[in-house]
Amino acid sequence: MASVSEIKDEPGQPPALTSLSLAEASQDVKSREQVITPFDVSGGFDEQGKPKAIDYHKLVDTFGSQKIDKPLLERFEKVTGHKPHRMLRRGLVFSHRDLNLILDKYEKGIPFYLYTGRGPSSDSMHVGHTIPFEFTKYLQDVFDVPLVIMLTDDEKFFHTPKLTLKEIYKFTVQNAMDIIAVGFDMRKTFIFADTEFVDGGFASAFNNNVREMGKRTTINQIKNTFGFENDINNIAEFYFPAMQSATAFATSFPFIFGTDAKKVSKVPCLIPCAIDQDPYFRQCRDNAPKLGYLKPAIIHSVFLPSLRGSESKMSASDADSSIFLSDTDNQIKKKVGKAFSGGQDTAEEHRKIGGRTAIDVPFQYLTFFMEDDEELERIRVEYEAGRMQSGEMKMVCIKELQTYVSGFRERRKAVTEETRKEFMRPRQLVFKGMPGEKERQDARDKRIKFLEEELERLKNEN
């Protein structure tokens, strides 16, 4: 696999919010509230200028979403017949918009689909990127529903002046293969890159929804939501939210859901994503009823923290703060060995006072990747009691991450270019409630006629 490209953060890109960079920023401002947008993730600073951890409870209030509480988890298990994923059980997937309505639909046998995505900014994803995809795979398996994955290569081009379309396409191909290696069902999954799909013959419905959404979104809405400025952000950045919204409407994909627009417009969508993507979908939810569409439901995950500390998320542009899916076992060992620890300054002091799991990065990683709830609780108790030292905690984390990444590497080897192309080929997916044979045949005939006419035009040009 290709090595991780060293692309520096650019204006508009999610920054490499390491403890050092946060400390440097704090020299200019002593106190600052946390900022969470698709382009800026910071827990803020206290009155002494010290970086603070991201307050997810506060985000629920700020964004106006709902907490995923115990009654909702109990209902989820009752309706689906499946134990909630470890990220649900541990509050790592913590917030939602209308998940209860999706459960209502599922209980009544009404089909829906999943939508998630990735902005390709490096040639290898890190383990933080796999979290929403792993959770999305769990949802696909539990609900047995179709999934659309959007690779926003155009967004990365708009936001990163130094990156060319050619470079980003390389990232897109590699990231698509990484995503496939998570284990998605090809029969139920369609992956597309914006720059390829929107220019292809299958995207007319998608592009129409982009236009409809763009027409109903004002400049002030975008400014207020994303903090854009007229003299800094380019016009493509202002327009892109309409692109990301269009994927949340089933009518954008007639080759999957059928050509009966009135019927397909009622197909609900559930979007699993990290909380920083919520601003895009608030815009979408505000404007969807104006198009006669359902508001997409959303389910939010927390960020996997940087190896440097919980004040920031793992960043692809800071190789030392991240565990990449291309890292070797030895690289993982070295990186985790330097991770921020919640242990005390000396072994004796640690035995007396105990470790602080709330800020210990290796323990936090175990909450994401260790499946066994009882073993995780045992480790927490031992560490906080001082009976487990920081070095021991790191060794447990190293073993868990090495197992996780090595498993991925084996699956990644099996992903061929032919497999990627098939995942990214517009086609009919297989799911309960899919269009009937007559409707699928009509759609094929329409497509064949279009291609024949296009071929005839090309012949006449010569």
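Visitor: Hi! What volume does the second largest cavity have?
Guide: Hello! This is a predicted model, and in it the second largest cavity has a volume of about 70 Å³.

Visitor: How many cavities of 30 Å³ or more does the structure hold?
Guide: There are three cavities of 30 Å³ or more.

Visitor: Back to the second largest cavity, then: which residues line it?
Guide: Its lining takes in Ala248, Phe249 and Ala250, then Ser265, Val267, Pro268 and Cys269, and finally Tyr293, Leu294, Lys295 and Pro296.

Visitor: Let's switch to helices. At what angle do α10 and α12 pack?
Guide: Helix α10, residues 204-215, packs against helix α12, residues 235-246, at an angle of about 130°. Their axes are 8 Å apart. That angle makes α10 oblique to α12.

Visitor: Is that crossing left-handed or right-handed?
Guide: The crossing of α10 past α12 is right-handed.

Visitor: Nice. Which residues meet there?
Guide: From α10 you have Phe206, Asn209, Val210, Arg211, Met213 and Gly214. Facing them in α12 are Tyr239, Ala242, Met243, Ser245 and Ala246. By class, this contact has seven nonpolar, three polar and one charged residues.

Visitor: What about α11 and α15, how many Å apart are their axes?
Guide: The axes of α11 (residues 219-226) and α15 (residues 278-287) are 10 Å apart, and the two helices pack at an angle of about 145°. The crossing of α11 and α15 is right-handed.

Visitor: One last pair. How do α18 and α19 pack?
Guide: Helix α18 covers residues 361-369 and helix α19 covers residues 373-384; they pack at about 165°, with axes 10 Å apart. So α18 is roughly antiparallel to α19, as angles over 145 degrees count that way.

Visitor: And the handedness, left or right?
Guide: Here α18 passes α19 in a left-handed crossing.

Visitor: Which residues make the contact between α18 and α19?
Guide: Phe363, Leu366 and Thr367 in α18 meet Leu376, Ile379 and Arg380 in α19. Sorted by class, the contact of α18 with α19 has four nonpolar residues, one polar and one charged.

Conventions:
Residues numbered from 1 in each chain as written. Predicted model: local features only at pLDDT ≥ 70, side-chain atom pairs only at ≥ 80, totals over all residues. Heavy atoms only, no water. 1 Å grid on protein atoms, 1.4 Å probe; cavity = no way out; pocket = protein on both sides within 12 Å on 5 of 7 lines; lining within 4 Å. Points joined across faces, edges and corners; volume = space filled by probe spheres on them. Axes fitted to C-alpha atoms, helices over the stretch in contact; angles between N-to-C directions. Helix = DSSP H or I, 4+ residues; strand = E, 2+ residues; numbered from the N terminus. Parallel < 35°, antiparallel > 145°, perpendicular 65-115°, else oblique. Left-handed = near helix turned anticlockwise from the far one by under 90°. Contact = heavy atoms within 4.5 Å. Nonpolar A, V, L, I, M, F, W, Y, C, P; charged D, E, K, R; others polar.
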